[in-house]
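User: Got a minute to walk me through how this fold is put together?

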Amino acid sequence: MSRLFRIAIDGPAASGKSTTAKQLATLFRFRYIDSGAMFRAVTLKSVEAGLDPEKHKDQVATLASSLDIQFPELGTVSVNGLDVTDQLRQESVARAIGPIASNPQVRHTLAEHQPELKIFLVANVRARAQRRFRELQQKQQHTDETLEQVMADIEARDLADRTRTISPLKMADDAVELDTSHLSIDQQVSAIQKLVYQKLEQQQQQQ
Ligand SMILES: Nc1ncnc2c1ncn2[C@@H]1O[C@H](COP(=O)(O)OP(=O)(O)OP(=O)(O)O)[C@@H](O)[C@H]1O
Ligand SMILES: Nc1ccn([C@H]2C[C@H](O)[C@@H](COP(=O)(O)O)O2)c(=O)n1
């Protein structure tokens with residue numbers, strides 16, 4: 001089935017895209033591709049190479065096309081054979097990613113395949129901030145960031161993602177919106193599982 005069917009999950013920061021996609025990939029034995037991590041990997045390597053994402057757009061694009069970005073295991077990312085999973089979450093990456101996500105040549109290089117089922121995952125800002133805050137606390141045990149700061153970071157990223165000129169974050173016309181503000185992870189995975197079965201049924205009826 002994985003060769004015939006693709007699911008694309010988009011949505012704002014901390015809406016649960018990766019968590020949901022990983023569970024669906026396991027469930028359906030699909031290959032898991034994290035496009036956000038691909039943009040993060042290009043950003044990491046650009047920063048390491050001393051490139052300014054605003055000024056050196058061509059060099060960043062050339063660098064992007066030279067990188068071998070892989071997902072060796074669920075939730076891990078490697079660039080040119082080296083694990084960079086943890087580095088992708090560095091603050092320096094988050095700060096520099098805006099112009100890289102807006103770079104048309106980089107977007108072209110990382111072009112995604114046309115998906116069959118598009119999901120736009122949303123949750124209100126407070127729910128997303130609470131989830132990310134909990135995640136930070138679990139990972140770092142001591143986090144200096146308050147819930148209010150996490151919420152402000154998410155709001156700032158929402159604004160940047162939605163207002164950039166190149167490929168701004170917005171729901172595709174043929175996508176299905178799923179609001180997970182009041183859903184558990186299992187509930188959101190099941191909801192998408194149902195949509196997959198519905199889509200497959202529709203496809204079978206059309207054949
Ligand atoms: N329905 C839910 N209920 C509670 N926690 C959730 C739910 N969905 C996701 N989470 C948690 O919210 C956090 C953010 O989820 P995740 O990292 O999957 O979001 P994302 O959309 O991929 O984020 P980003 O765009 O920043 O990479 C994780 O800690 C995840 O476990
Ligand atoms: N298809 C995509 C995926 C991600 N981006 C941008 C949006 C974020 O600013 C950045 C990192 O994404 P995350 O890992 O936090 O999901 O990359 C995009 O423009 N297009």
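We'll go through the sheet, then the helix packing.

Analyst: Ground rules: it's a predicted model, where local features need pLDDT of at least 70, side-chain atom pairs count only at pLDDT 80 or more, and totals for chains, interfaces and linings use all residues. Residues are numbered from 1 along each chain as its sequence is written, chains are lettered from A and ligands numbered from 1 in the order written, and side-chain values use heavy atoms, without hydrogens and water.

User: What's the strand order in the open sheet?

Analyst: The order is 1-5-6, with parallel pairing; strands are DSSP E runs of at least two residues, helices H or I runs of at least four, numbered from the N terminus, and pairing takes at least two DSSP bridges.

User: Which strands are at the edges?

Analyst: Strand 1 (7-10) and strand 6 (176-179), each pairing on one side only.

User: And how many bridges join strand 5 to strand 6?

Analyst: Four, with strand 5 covering residues 117-122. Ile-119 sits opposite Val-176 of strand 6.

User: Which strands does helix 1 touch?

Analyst: Helix 1 (residues 17-28) packs on strand 1 and strand 5, contact being heavy atoms within 4.5 Å. Its direction makes about 165 degrees with that of strand 1 (angles run 0 to 180 degrees between N-to-C directions, with axes fitted to C-alpha atoms, for helices over the stretch in contact).

User: Switching topic: at what angle do helix 2 and helix 3 pack?

Analyst: About 120 degrees, axes 10 Å apart, for residues 35-48 and 57-66. Val-42, Lys-45 and Ser-46 of helix 2 meet Val-60, Leu-63 and Ala-64 of helix 3.
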